[in-house]
Amino acid sequence: MIFSYKSPTVDNFVFYLVSRFTVVKLLVLSFIVTCRLAFGDSFTCSASYDALPQSFMDAKCYSEPIVSYPASPNPVIQDRGYSSMRNFGNDDMKREQPFYQWVNLAFLAHAIIFHLPHLLWKAYESGYVGRLTAGLQVALSKEQKRALELCYLAKFLLITQGKHTVYTSVYIFFEACNFFICIGQTVWLVNFFNITDAPNYVSIDASTWSGYRNFYFPSTSLCSITKYSSSGEPRNIDAVCVLSLNHLYMKLFIFLRTWYIILILTTGAVLIYRIVLIMPKVRCVMIRAVAPLVSKSTVLSVCHQLTYSDWFFLMAVQKQLTNSDFSKLLEKMFAVSQNKGKEQEETDDRSSIYEDSHKDLELSPRSTPL
């Protein structure tokens with residue numbers, strides 16, 4: 001019985017996928033790319049002759065824009081790059097890859113943006129629902145005290161009807177933020193990796209796996225270094241750079257774009273679900289799904305009293321309770337509401353009797369002892 005209560009949480013599974021599971025995934029990918037950039041053989045350049053030190057050539061080309069020519073007719077240039085860039089350097093054929101050095105930081109920025117709605121929601125919610133049900137978790141081994149706590153909670157939910165509109169609106173707003181963030185992150189990811197349609201003059205078929213890799217994530221790029229001789233004359237040195245991480249980047253891009261599309265579909269489905277919940281019958285069905293032991297009349301009576309925001313807050317409380325305790329909570333809410341109705345009827349009867357007697361006194365003829 002001690003471990004029967006659920007961990008304190010208010011958000012749903014889709015919110016968890018966006019704000020925590022995706023964030024952890026992006027942080028892991030950012031760490032992997034950072035390790036490859038820092039400790040792996042991520043970028044190596046070489047020229048047709050040993051004119052410059054290797055370390056200088058790597059540092060110089062790494063700081064310059066990475067350029068590839070996927071439509072080059074010379075296969076030697078695509079594979080080895082030892083021919084002169086000026087022999088074929090058509091700017092229309094040039095394709096820049098500015099993302100190569102910044103993938104780890106981009107993934108880190110994605111993780112921070114995905115986590116923002118969760119942080120803001122936690123700052124607003126501040127464990128409010130968890131504090132309401134804290135007494136039940138303390139009274140796990142005491143049946144009588146737990147029943148009393150459920151009774152207090154039922155009275156609280158009935159007394160505070162109509163006061164959870166802001167709570168519900170803020171949560172749905174952050175769900176909508178998740179949806180638009182997923183769309184924005186997908187667009188950013190595509191633009192960051194410069195995934196555009198291949199022009200018509202390019203002979204590469206980007207629809208195939210090899211063509212897609214050669215056009216968007218080539219394994220080599222070209223670099224031009226200007227060296228000055230002792231007399232001050234400039235001399236251009238062409239080098240080819242091996243982009244060993246591009247194959248990894250291609251797999252990460254395809255994986256993340258697929259995952260982001262899944263997130264767009266799921267977060268959009270959640271927003272549609274929120275709209276469908278406007279119908280009271282659907283809300284009753286959802287309560288019966290989590291409390292099948294409660295009679296249908298009890299569920300209908302409780303749902304009839306709750307607005308959309310009150311129902312949402314009740315379901316937030318349900319996530320903190322076991323199914324049996326939630327069923328008892330519904331029964332106590334039904335009992336408390338019935339008692340309130342009886343008390344109201346008795347009060348109305350007493351007031352009507354008093355008014356009738358008062359009218360009879362006014363209509364009766366005044367008389368004195370004399």
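Let's start at Ser244, which sits in the loop between strand 5 and helix 10 (246-276). Keep in mind that this is a predicted model. From that loop we'll move to a disulfide, then to a pair of crossing helices, and finally to what the UniProt record says.

**Around Ser244**
- With a relative accessibility of 30%, Ser244 counts as partly exposed, since buried would need a value under 20% and exposed one over 50%.

**The disulfide and the cysteines**
- How many disulfides does a search of the whole structure find? The search turns up 1.
- That bond joins Cys45 to Cys241, with an S to S distance of 2.0 Å.
- Cys45 belongs to strand 1 (residues 43-47) and Cys241 to strand 5 (residues 234-243), so the bond ties together parts of the chain that are 196 residues apart in sequence.
- The torsion about the S-S bond of Cys45 and Cys241 is about 100°, which makes the disulfide right-handed.
- Are the two partners buried or exposed? Cys45 is buried, at 0% relative accessibility, and Cys241 is buried too, with a relative accessible area of 1%.
- Another cysteine, Cys182, is also buried, and its relative accessible area is 0%.

**Where helix 8 meets helix 13**
- Helix 8 (residues 165-192) and helix 13 (residues 308-318) have axes that come within 8 Å and cross at roughly 75°.
- On the helix 8 side, the contact is made by Thr165, Tyr167, Thr168, Tyr171 and Ile172.
- Helix 13 brings Tyr308, Ser309, Phe312, Phe313 and Ala316 to the contact.
- Sorted by class, the contact of helix 8 with helix 13 has 7 nonpolar and 3 polar residues, and no charged ones.

**What the UniProt record lists**
- Under "transmembrane region", the unreviewed UniProt entry lists residues 13-39, 102-121 and 252-273.
- In the model, residues 13-39 are 100% helix and 0% strand, and the C-alpha atoms at the ends are 37 Å apart.
- Residues 102-121 are 95% helix and 0% strand, with 30 Å between the end C-alpha atoms.

Note on methods. Residues are numbered from 1 along each chain as its sequence is written. This is a predicted model: local features need pLDDT of at least 70, side-chain atom pairs count only at pLDDT 80 or more; totals for chains, interfaces and linings use all residues. Side-chain values use heavy atoms; hydrogens and water are left out. A disulfide is a pair of cysteine sulfur atoms within 2.5 Å. Helices (H or I, at least four residues) and strands (E, at least two) are DSSP runs, numbered from the N terminus. Buried means under 20% relative accessible area, exposed over 50%, partly exposed in between (1.4 Å probe, protein chains only). Axes are lines fitted to C-alpha atoms, for helices over the stretch in contact, and angles run from 0 to 180 degrees between N-to-C directions. Contact means heavy atoms within 4.5 Å. Ala, Val, Leu, Ile, Met, Phe, Trp, Tyr, Cys and Pro count as nonpolar, Asp, Glu, Lys and Arg as charged, and the others, Gly among them, as polar. UniProt positions are given in the numbering used here, feature names are shortened, and annotations may be inferred rather than shown by experiment.
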